[in-house]
Amino acid sequence: MKRSRINEIMAGAEEMVRQYGFVLPPFANWSPEEFKAHKPIAGRVIEGRCGWDITDYGQGRFDQMGLFLFTLRNGSLDDLQRGGGMCYAEKLLISRQDQLSPMHTHVIKAEDIINRGGATLIVELYGSDDAGNWAEDRGGVVRCDGIERAYKPGDKLRLAPGESVTLMPGDWHAFWGEGGDVLIGEVSTVNDDVTDNVFREPIGRFADIDEDVAPTHLLVSDYDKWL
């Protein structure tokens with residue numbers, strides 16, 4: 001993705017986030033130079049990979065297959081493994097109309113996916129085989145706003161604003177906006193986007209960046225290089 005396109009997506013996403021009554025935290029506004037200056041006190045932000053995250057999954061077709069994310073807070077895998085401390089994470093996402101987030105699951109993370117506003121969020125579901133792999137012929141059970149709901153392979157949930165689904169490891173899922181763009185909330189156990197995303201197809205989690213202009217804000221995938 002071109003950095004200029006990423007900068008444009010950031011500006012439009014922040015406008016949509018505010019439209020539905022959310023405000024991003026102060027570190028969202030830091031320039032790369034400000035981020036470097038704040039590095040001594042921003043260790044938890046950096047280590048937790050909190051911040052801007054815009055991906056086309058390395059496929060170069062963001063409008064057709066991509067996602068905007070902002071990680072608001074993220075706990076520690078060490079805390080999760082010992083069963084105490086900050087064991088949770090929270091994100092805001094934007095799924096554009098007909099923009100696919102491809103079929104994937106997680107090994108560790110359980111998550112609530114919440115339609116925070118906009119159009120209808122479609123969530124396509126498949127179950128796992130005994131090894132946790134995608135299974136074309138298996139369904140499962142999820143909770144929608146706390147109510148158990150069995151799904152058959154390929155079933156599509158339709159989540160209106162305010163509705164949610166709880167996905168456990170092994171619930172394979174893809175999602176997109178139907179009829180317009182959707183602001184999504186994600187509340188989960190500790191988030192590890194580097195190792196805990198398992199895609200059905202062999203694709204990347206992060207975008208390859210063409211640095212045609214300077215970044216307005218750093219992406220979480222920039223931290224290792226820039227900081």
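Hi everyone, let me start with a charge over a ring: arginine 205 lies over the face of phenylalanine 206, at 4.7 Å from the ring centre. Here, a charge sits over a ring if NZ of Lys or CZ of Arg is within 6 Å of the ring centre and within 35 degrees of the ring normal. Tryptophan 134 has arginine 200 over its face, at 3.7 Å from the ring centre.

A word on the background. This is a predicted model, where local features need pLDDT of at least 70 and side-chain atom pairs count only at pLDDT 80 or more, while totals for chains, interfaces and linings use all residues. Residues are numbered from 1 along each chain as its sequence is written, and side-chain values use heavy atoms, with hydrogens and water left out.

Now to ring pairs. Rings of Phe, Tyr and Trp (its six-membered ring) pair if their centres lie within 6.5 Å; planes under 30 degrees apart count as stacked, over 60 as edge-to-face and the rest as tilted. The count comes to 8 aromatic pairs. One of them joins tryptophan 52 and phenylalanine 70 edge-to-face, with 5.2 Å centre to centre and 85 degrees between the planes. This pair links distant parts of the chain, 18 residues apart: tryptophan 52 is in strand E1 (residues 51-55) and phenylalanine 70 in strand E2 (residues 67-74). Strands (E, at least two residues) are DSSP runs, numbered from the N terminus. Trp52 and Phe70 also belong to one aromatic cluster, together with Phe27, Trp30, Phe35, Phe68 and Tyr223.

Next, serine 95, in strand E3 (residues 88-95). Is serine 95 buried or exposed? Serine 95 counts as buried because its relative accessible area is 0%, and buried means under 20% (exposed is over 50%, partly exposed in between, with a 1.4 Å probe and protein chains only). Its contacts (heavy atoms within 4.5 Å) include Leu67, Phe175, Trp176 and Gly177, not counting residues up to four places away in sequence.

Last stop, the cavities. On a 1 Å grid over the protein atoms alone, a cavity is a set of points where a 1.4 Å probe fits but cannot get out, and lining residues have an atom within 4 Å of a point. Of its 19 lining residues, the closest to the centre are Leu67, Leu69, His104, Glu186 and Asn197. Which strand gives the most to this lining? That is E11, with 3 residues.

Technical notes:
Helices (H or I, at least four residues) and strands (E, at least two) are DSSP runs, numbered from the N terminus. On a 1 Å grid over the protein atoms alone, a cavity is a set of points where a 1.4 Å probe fits but cannot get out, and a pocket is an open set with protein on both sides within 12 Å along at least five of seven lines; lining residues have an atom within 4 Å of a point.
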